[in-house]
Each structure stands twice: as structure tokens, then as C-alpha cells.
Amino acid sequence: MEQLTDYSDSRNKGFCIHCGSGLRHDDSNRDYVPTRGLLNPPYPENLPVVDVCRQCNSGFSSDEEYLIAFLGSVLSGSTRPDPVRLPTASDLLAHSPRLGNRIDRSRTVQGNLWGDAEVLWEPELDRIERVLVKNARGHVLYELGEPMLEQPSHVSVCPIQALTTHQVDQFENVPYGSVWPEAGSRMMQRALIVHGPGGAQEVYFDGWQDVQDGVYRYAVAQVSGGS
Ligand SMILES: [Zn+2]
């Protein structure tokens with residue numbers, strides 16, 4: 001990924017974006033956003049990182065492992081993912097039979113309307129949402145230079161295949177309202193100013209950031225009332 005330097009207000013830094021506690025030098029951890037286990041090795045260079053407190057950084061580990069193992073199981077149809085295609089999930093499940101059993105119990109096979117067998121997985125949504133919010137907070141800090149300490153008004157998670165065409169369209173075209181990102185933030189540096197007829201200027205924000213092609217991307221939008 002292209003690594004831009006953050007010139008946004010330094011007063012927004014110096015504390016953990018998850019618990020709000022002040023970051024002492026000896027208690028801070030550099031945390032990758034996204035969580036590296038969600039990517040495939042070899043990892044891309046220049047992954048975004050943010051500072052968080054040591055306690056929060058380790059506090060998400062079991063939920064992150066669950067999400068990686070669950071995604072790997074869904075993508076491969078069983079709790080024995082291909083070690084070449086999904087090495088992290090495969091490794092986690094090989095070393096944690098308990099996690100594998102837990103995920104296995106959330107798998108059911110049902111016949112569909114056409115009489116074919118269909119595999120259904122029921123995720124532990126609270127665990128997945130904690131990882132999503134953790135990464136979202138990191139992405140917002142990285143892009144906008146602003147901490148989002150309050151609880152999100154809503155979190156939504158769903159396979160893209162389950163979205164309607166209209167929902168996919170909304171998802172792909174990240175909305176951007178009248179609020180501009182903070183001066184010096186990475187997102188402001190990514191803004192494109194387009195000169196139209198009569199000297200009119202329009203500003204476009206480069207919505208999606210590809211972290212790893214076909215594996216992970218994110219978009220941050222700032223609209224009136226929040227991000
Ligand atoms: Zn913390």
C-alpha cells in the first residue's frame with residue numbers, strides 16, 4: 001500500500017482508541033489495521049498501523065482467531081481449510097481442536113428447494129462484530145486522524161452474495177457528504193480536486209483502499225454526525 005504521512009492534529013493521538021486510556025511509551029503497541037491474520041502471507045508492505053494500549057491489543061486475540069477460523073471454514077466448506085490457500089485459518093484450526101469443534105457445531109447441512117445439500121453456518125456475531133469495530137476504529141484513526149471512542153450506532157455484517165443489486169451499488173459507492181476530512185489527514189491527502197467548467201471545483205475522495213487484492217479492502221466516509 002502507498003504509505004502517506006499523517007499530518008493531522010496530534011492532540012487526537014496519545015491515547016488508546018479502544019478504551020480511551022492514555023498511552024505511555026512502555027504500554028503502547030503498534031497494531032496492524034487490518035489484523036494481519038485476515039490477510040494471506042506474504043503480507044503486503046506498508047500495512048497501516050495505529051498505536052493502541054497493550055491490554056486492548058491482546059484483548060481482541062481470541063475473537064480475531066475465531067473470525068479467521070470461521071471465515072476459513074466458510075470459504076472452504078469445512079473446519080479443515082486448505083493450508084496453501086488459507087494458511088492462517090488452517091494453522092489455527094490444526095492447533096485448536098476446541099475452536100474447530102465450536103465452529104463445527106455451528107455448521108448444518110440442509111436440503112434446498114431443488115433437493116441439493118446446502119451448507120449453512122451460524123456465526124457468533126458478537127465476536128465478529130467486536131473485531132469489525134476494532135478494525136473500523138483503526139481505519140478511521142489512520143485515514144481521518146480522529147479517534148472514534150463512542151459505541152457505534154449500528155454494525156452490520158453480511159456476505160456480499162446476500163446483498164441485492166441495489167445494496168451492492170450502495171456498498172460499492174461510498175457516500176461522501178459535505179463534511180471534509182481534517183486538514184493533513186491521509187484521507188484529505190487522497191482527495192482529488194477536479195476543475196469543472198467556469199472554474200467550479202469539485203472534490204472527490206478516493207473511497208476504497210485495497211490492502212490485499214481480493215482479500216481485504218476498506219473505505220472510510222465522513223458524513224454529518226460521524227464516520
Ligand atoms: Zn486500550
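A residue is buried if 20 or more other C-beta atoms lie within 10 Å of its own, exposed if 12 or fewer, and partly exposed in between, with C-beta atoms placed from the backbone. Keep that rule at hand for the tour.

This is a predicted model, where local features need pLDDT of at least 70, side-chain atom pairs count only at pLDDT 80 or more, and totals for chains, interfaces and linings use all residues. Residues are numbered from 1 along each chain as its sequence is written.

**Stop 1: the whole protein**

Show everything as a cartoon. There are seven helices and eight strands. Helices (H or I, at least four residues) and strands (E, at least two) are DSSP runs, numbered from the N terminus. Of the 227 residues in the protein, 25% are buried. Now think about contacts: two residues are in contact if their C-beta atoms, placed from the backbone, lie within 7 Å. Among contacts between residues at least 6 apart in sequence, 60% join residues at least 24 apart.

**Stop 2: Ala221**

Select Ala221. You are in the segment after strand 8 (216-219). Is Ala221 buried, exposed or partly exposed? Ala221 has 18 C-beta neighbours inside 10 Å, so it counts as partly exposed. Val174 and Ala221 are 47 residues apart along the chain, yet their C-alpha atoms are separated by 6.8 Å.

**Stop 3: the loop between strand 1 and strand 2**

Go to the loop between strand 1 (28-32) and strand 2 (49-53), where you will find Pro34. Look at the peptide bond from Val33 to Pro34: this bond is cis, with omega near 5°. Move along to Pro42, in the loop between strand 1 and strand 2. Pro41 and Pro42 are joined by a cis peptide bond, and omega is about 0°.

Next, select Asn46, which is also in this loop. Asn46 is not a glycine, but its phi is positive, about 55°. Asn46 counts as exposed because it has 11 C-beta neighbours inside 10 Å.

Then pick Gly37, again in the loop between strand 1 and strand 2. Gly37 has 23 C-beta neighbours inside 10 Å, so this residue counts as buried. Which residues does Gly37 contact, leaving aside its neighbours within four places in sequence? They are Glu64, Ile68 and Thr88. The C-alpha atoms of Gly37 and Ala89 are separated by 8.1 Å, although the two residues are 52 apart along the chain.

**Stop 4: helix 2**

Select residues 61-76, which form helix 2. Colour its buried residues, among them Tyr66, Leu67, Ile68 and Phe70. Their cover includes helix 3 (87-95), helix 4 (97-105), strand 4 (117-121) and helix 5.

**Stop 5: two partners of helix 2**

Helix 2 and helix 5 pack at an angle of about 110°, with axes 9 Å apart. Axes are lines fitted to C-alpha atoms, for helices over the stretch in contact, and angles run from 0 to 180 degrees between N-to-C directions. Helix 2 and helix 5 are therefore roughly perpendicular. Angles under 35 degrees count as roughly parallel, over 145 as roughly antiparallel, 65 to 115 as roughly perpendicular and the rest as oblique.

Which residues make the contact between helix 2 and helix 5? Helix 2 brings Asp63, Glu64, Tyr66 and Leu67, while helix 5 brings Arg127, Ile128, Arg130 and Val131. Four of the contact residues are nonpolar, none polar and four charged. Ala, Val, Leu, Ile, Met, Phe, Trp, Tyr, Cys and Pro count as nonpolar, Asp, Glu, Lys and Arg as charged, and the others, Gly among them, as polar.

The contact includes Glu65, Ile68 and Ala69 of helix 2, and Thr88, Ala89 and Leu92 of helix 3. By class, this contact of helix 2 with helix 3 has six nonpolar, three polar and one charged residues.

**Stop 6: strands 3 and 4**

Finish at strand 3 (residues 107-111) and strand 4, which pair in the antiparallel sense over five bridges. Two strands pair if DSSP finds at least two bridges between them. Find Gly111; opposite stands Ala117 in strand 4. Five residues lie between the strands of this hairpin, where Gly115 takes a positive phi near 85°. How many of the five residues of strand 4 are buried? The number is zero, so strand 4 lies largely in the open.
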